Amino acid sequence: MHSFDQASNFAIYGLNQTDIRIDSEKHKEKAFERLQKGVVSGASHDAGERYDAPKCHPETRKAVMINIKSWIVSDNKTTRIMWLYGPAGAGKSAIAQTTAEDCHGEGKLAASFFFSRFAAGRNKKGGLVATIAFQLCISIPEMKEYIIKNIEKNPSIFKTNIKTQMQSLVIEPFSLLNQVNTSTAYRRLIIIDGLDECEIRKDQVEIIKAIAESLSMDRSSRLRVLLVSRPEVEIRQAFNEDNISSMCTRLALDDTFDPDKDIDIFLRSHFQALKRHHDLRSILVSWPSDEIIHRIVQKSSGQFIYASTVIHYISDPRQNPQKRLNTVLDTTPANGEMLFAQLDALYSTILSVCEDYQKVALVLEAIMFLNIAHGPVSGGEILKSVHYLDAFLSLENESLLLLADLHSIVDVNDIPNTGIRFYHASLYDFLQDSSRSHQFYIDRYRAHARFSLFCLNHVINTPSGLPDDVYTYSLGCCFCHFNLSNYDHDVLGYICNEGCIKSHSQLQNAIQKYNTNKTYWSQLSSHSVLGHMIRNGVDEREKYH
């Protein structure tokens with residue numbers, strides 16, 4: 001029971017207004033100190049930790065920026081969240097940084113938080129709301145009073161869930177401020193970049209839901225939130241929920257915005273700067289040619305990370321930029337140099353989340369190499385849809401699931417008659433260079449040997465329900481794949497040890513199919529050991545045990 005419960009007609013002596021005011025100020029200071037302790041100092045757009053953060057070239061990404069800025073100033077109160085998403089290396093963070101700087105200069109930025117997988121504090125949800133609330137106290141000083149009051153009311157606020165923190169320290173103060181200052185329209189933007197780099201996946205979802213639910217409780221304010229991330233599984237699912245989808249507008253960094261044109265502008269601008277400042281500028285006058293720039297643009301595959309990494313590599317003032325660019329264009333690093341360390345780290349990080357990489361690698365191999373073995377199949381490249389891959393690789397509707405964590409580097413969908421492709425051409429180079437990819441290395445010879453094995457199995461056994469296009473491809477390309485395996489004895493032993501051709505009867509079955517489909521086996525040649533084996537019905541596996 002409190003000392004003054006049910007008390008009346010009493011007086012307290014020895015206190016004056018100064019004492020009360022000082023005590024109140026101390027409470028406010030303590031509340032503000034609690035807020036400061038929760039702040040992640042390196043997360044804001046202008047943090048020293050993020051000095052020289054990547055941003056868009058002034059002449060690039062114009063259409064994307066127009067879309068974002070039009071949404072910010074729109075009076076549409078239903079879509080107060082924008083999800084900007086795209087594959088790894090598409091330049092999402094550069095767009096977020098540029099938007100933050102522009103909005104800060106225009107007085108429209110409320111706060112920003114840039115997640116980072118490798119930076120302490122910036123890879124967890126813990127300091128997110130405190131950091132945003134602290135920045136609100138600075139960007140909109142009138143809000144500080146409301147934020148501090150709510151911390152005083154609940155000193156343990158930073159131990160509550162994200163939704164409670166967001167509602168108490170961001171949405172409610174912003175709403176109260178707008179009610180008090182009716183003459184001032186506070187149209188502000190909060191930017192959260194790299195949501196997929198928050199290390200715990202369920203926390204990524206919690207953040208999305210907390211922001212959506214908090215904003216839905218106050219439809220009068222003009223606060224908007226720009227969320228930027230890769231299209232990872234949990235994030236996609238969260239944005240697909242009806243209550244979130246209805247209040248969100250999406251902006252995909254795809255070919256709609258003509259990224260090749262922007263990359264061309266980016267490259268030419270940086271080459272010009274390099275030629276102005278490099279000690280060898282006198283021999284760089286007509287360098288590089290339009291053809292070379294075009295090659296880099298093509299290798300970039302619409303993603304800025306390749307182009308920016310190339311520029312960074314050739315801009316070393318102690319090196320000859322022409323020689324360095326030649327090294328890049330040759331694709332093989334000289335003297336063991338790690339040409340694309342930034343890119344390699346990015347790919348390794350993405351691939352490391354795969355739970356069963358051995359199976360994932362099988363699907364990646366199919367995306368990489370099935371179209372190489374055209375053989376006598378008409379129509380050139382085959383259609384590598386998830387359904388085709390499931391059938392060819394004898395997977396039970398697993399391809400889509402196996403690639404679920406790779407949507408930032410692989411263009412995946414389950415739409416019928418739609419193929420799967422890598423977003424970034426340099427992923428091929430990375431996976432085929434063991435010095436770069438290490439445990440994620442894909443051996444092209446072993447891959448072709450495996451595909452020869454799959455083809456033989458489909459031709460000899462013809463599994464029930466095998467699609468016609470898979471059977472046709474297997475007939476036509478079995479020995480194309482074997483030829484591309486380089487006829488290596490180890491590879492042949494690998495095929496034979498897998499036991500695809502186990503008996504003479506199976507060989508006779510294959511021979512019969514060969515005799516009735518000779519046009520499909522035109523790739524057989526006398527120097528192909530498996531070809532000789534099929535043509536003569538002689539099991540030569542024992543030679544290679």
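Student: Let's start with the overview: how many helices and strands are there in the protein?
Tutor: Keep in mind that this is a predicted model. The protein has 24 helices and seven strands. Its chain runs to 545 residues, and 51% of them count as buried.

Student: And what share of the contacts with a separation of 6 or more comes from residues 24 or more positions apart?
Tutor: That share is 76% in this protein.

Student: Now for helix packing. At what angle do α2 and α3 pack?
Tutor: Look at two things, the angle and the distance between the axes. Helix α2 covers residues 62–73 and helix α3 covers residues 92–105; their angle is about 50°, and their axes are 11 Å apart. That angle is why α2 is called oblique to α3. The crossing of α2 past α3 is right-handed.

Student: Which residues make that contact between α2 and α3?
Tutor: From α2 you have Val64, Met65, Ile68, Lys69 and Ile72, and from α3 come Ile95, Thr98, Thr99, Asp102 and Cys103. Sorted by class, this contact of α2 with α3 holds six nonpolar, two polar and two charged residues.

Student: What about α7 and α8: at what angle do they pack?
Tutor: Helix α7 (residues 201–216) packs with α8 at about 25°, with the axes 9 Å apart. Angles under 35 degrees count as roughly parallel, so α7 is roughly parallel to α8. Here too you can check the handedness: α7 passes α8 in a right-handed crossing.

Student: Which residues are in contact there, in α7 and in α8?
Tutor: On the α7 side, find Arg201, Gln204, Val205 and Ile208; on the α8 side, find Glu234, Ile235, Ala238 and Phe239. The contact of α7 with α8 divides into five nonpolar, one polar and two charged residues.

Student: Next, aromatic rings. How many aromatic pairs does a search of the whole structure find?
Tutor: The search finds 13 aromatic pairs. One of them joins tryptophan 83 and phenylalanine 239, whose rings are stacked, with 4.4 Å from centre to centre and 10° between the planes. This pair links distant parts of the chain, 156 residues apart: tryptophan 83 belongs to strand β1 (residues 81–85), and phenylalanine 239 to helix α8 (residues 233–240).

Student: Are tryptophan 83 and phenylalanine 239 buried or exposed?
Tutor: Both tryptophan 83 and phenylalanine 239 are buried. For another aromatic feature, look at Tyr388, Phe392, Phe451, Phe454 and Tyr473, which ring pairs link into a cluster.

Student: Last topic: the backbone. What should I expect of phi and of peptide bonds?
Tutor: Most residues other than glycine have a negative phi, and most peptide bonds are trans. Now for some departures in this model. The peptide bond from tryptophan 287 to proline 288 is cis, with omega near -10°. You'll find proline 288 in the loop between α10 (259–277) and α11 (290–300).

Student: And where is aspartate 52?
Tutor: Aspartate 52 sits in the loop between α1 (17–37) and α2. Its phi is positive, about 60°, although aspartate 52 is not a glycine. Aspartate 52 is also exposed, with a relative accessible area of 61%.

Student: What is phi of histidine 438 near?
Tutor: Phi of histidine 438 is near 50°, again a positive value in a residue other than glycine. Look for histidine 438 in the loop between α19 (434–437) and α20 (444–461).

How values were computed:
Residues numbered from 1 in each chain as written. Predicted model: local features only at pLDDT ≥ 70, side-chain atom pairs only at ≥ 80, totals over all residues. Heavy atoms only, no water. Axes fitted to C-alpha atoms, helices over the stretch in contact; angles between N-to-C directions. Helix = DSSP H or I, 4+ residues; strand = E, 2+ residues; numbered from the N terminus. Parallel < 35°, antiparallel > 145°, perpendicular 65-115°, else oblique. Left-handed = near helix turned anticlockwise from the far one by under 90°. Contact = heavy atoms within 4.5 Å. Nonpolar A, V, L, I, M, F, W, Y, C, P; charged D, E, K, R; others polar. Phe/Tyr/Trp six-rings, centres within 6.5 Å; stacked < 30°, edge-to-face > 60°. Buried < 20%, exposed > 50% of the residue type's maximum accessible area, 1.4 Å probe, protein only.
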